[in-house]
Amino acid sequence: FSVCGVGPHQQKAALISAISGGHIRIGLEDNVKMPGGDLAKGSWEQAIWVREIAKIAERPIATAGEAREMLDLK
């Protein structure tokens, strides 16, 4: 499963998904802010935050190729 939290709920949804074994969707189309309320400089900044959450939750981090394969993308 994966989660997509919109706006201020994105970080909470990401945390719950990480500890529950799910995947996390991020991106500026869902939320333009970082935890703490600052505007994100880009989706890459959200990806760094999610990577740290995954590490804390002891979850492996998929490469771009692995993510494409999981989602059956080219």
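**Entry: Asp30.** I looked up Asp30 and found it in the loop between E2 and H2. Helices (H or I, at least four residues) and strands (E, at least two) are DSSP runs, numbered from the N terminus. I noted that this is a predicted model, where local features need pLDDT of at least 70, side-chain atom pairs count only at pLDDT 80 or more, and totals for chains, interfaces and linings use all residues. Residues are numbered from 1 along each chain as its sequence is written, and side-chain values use heavy atoms, leaving out hydrogens and water.

Is Asp30 buried or exposed? Asp30 counts as buried because its relative accessibility is 12%. Buried means under 20% relative accessible area, with a 1.4 Å probe and protein chains only. I then checked contacts (heavy atoms within 4.5 Å). Leaving aside neighbours within four places in sequence, Asp30 touches Cys4, Gly5, Val6, Gly7, Gln10 and Arg25.

**Entry: H2.** I checked the length of H2 next. Its 14 residues should span 20 Å at 1.5 Å a residue, and the end C-alpha atoms are 20 Å apart, so the two agree. The expected span is 1.5 Å times one less than the number of residues. I listed the buried residues of H2: Glu45, Gln46, Trp49, Val50, Ile53 and Ala54. They pack against helix H1 (10-20) and E2. Just after H2, I found Glu58 with a positive phi of about 55°.

Methods:
Buried < 20%, exposed > 50% of the residue type's maximum accessible area, 1.4 Å probe, protein only.
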